Amino acid sequence: MQHTARAMRDSLFCVVPAGDTLTSRRLFDALAAGCVPLILRPSAWQLTQHLPFPHTIRWESIAVFMVASRLSGVEGLTAALLALWREASSSAGRATFERMRQLGSAAFAQSLAIERNSSGVANGILSELRARGARRARRARAIRFEASRPLWHRRCRGNFSGWAP
């Protein structure tokens, strides 16, 4: 166990394949260890769906995402990993990934480390609920606005060549 934790702390990237759920413990382990999560998912819609606190944590700034279906088997995955490693080996790439490590560690400490910062987790939950409520309120206003428009205007929908029955 200590060997695994040390290896993760010394790594720049930690691979996070899907487990029994799309958000597996490996994601939290990677962030806690301070390495950049390399999130592998079978399809594109699973990349940002199901990640915790999407309104609180900017996942694209702390993780690298790869879609397995876009890679051509093991060879494609190997080529993608080599390209990522080459980018990380450059001075500009190294600075970028170091910044991702710092932001990931901060996001973990602030919003995900329930044992160390339970109020941060609670604040993250409340922030997500506020964001969802605001999104629902915007949708409700849009629906009320659409319903308040005259029927002829709703049917036209931007068709300026004439009324569309």
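Aspartate 29 is partly exposed, at 28% relative accessible area (buried means under 20%, exposed over 50%, and partly exposed in between, with a 1.4 Å probe and protein chains only). Its salt-bridge partner is arginine 25, with the closest N and O atoms 3.3 Å apart; a salt bridge here is a side-chain nitrogen of Lys or Arg within 4 Å of a carboxyl oxygen of Asp or Glu. Arginine 25 counts as exposed, at 60% relative accessibility. The two residues sit 4 apart in helix H2 (residues 25-33), so about one helical turn separates aspartate 29 from arginine 25.

The model is a predicted one, in which local features need pLDDT of at least 70 and side-chain atom pairs count only at pLDDT 80 or more, while totals for chains, interfaces and linings use all residues. Residues are numbered from 1 along each chain as its sequence is written, and side-chain values use heavy atoms, with hydrogens and water left out.

Taken as a whole, the chain holds 7 helices and 3 strands. Helices (H or I, at least four residues) and strands (E, at least two) are DSSP runs, numbered from the N terminus. Along the sequence the order reads α-β-α-β-α-β-α-α-α-α. Of the 165 residues in the chain, 33% are buried.

Arginine 101, by contrast, is buried, with a relative accessible area of 14%.

Arginine 94 turns up again in the packing of helices. Helix H4 (residues 73-89) meets helix H5 (residues 91-112) at an angle of about 95°, with the axes 5 Å apart, which makes H4 roughly perpendicular to H5. On the H4 side the contact involves Leu84, Glu87, Ala88 and Ser89, and on the H5 side Ser91, Gly93, Arg94 and Phe97. The axes are lines fitted to C-alpha atoms, for helices over the stretch in contact, and angles run from 0 to 180 degrees between N-to-C directions. Angles under 35 degrees count as roughly parallel, over 145 as roughly antiparallel, 65 to 115 as roughly perpendicular and the rest as oblique.

Two further spots deserve a look. Phenylalanine 53 lies in the loop between helix H3 (45-48) and strand E3 (64-67), and its phi is near 50°, a positive value in a residue other than glycine. Phenylalanine 53 counts as buried, at 12% relative accessibility. On the surface, Ile125, Leu126 and Leu129 form a nonpolar patch with about 270 Å² of accessible area together. Patches are made of residues with over 30% relative accessible area and no salt bridge, like charges being joined within 9 Å and nonpolar side chains (Val, Leu, Ile, Met, Phe, Trp, Tyr) within 5 Å. Leucine 126 belongs to helix H6 (residues 118-148) and counts as partly exposed at 43% relative accessibility.

Conventions
Accessible areas come from the Shrake-Rupley method with a 1.4 Å probe; for residues, only the protein chains shown count as cover. Contact means heavy atoms within 4.5 Å.
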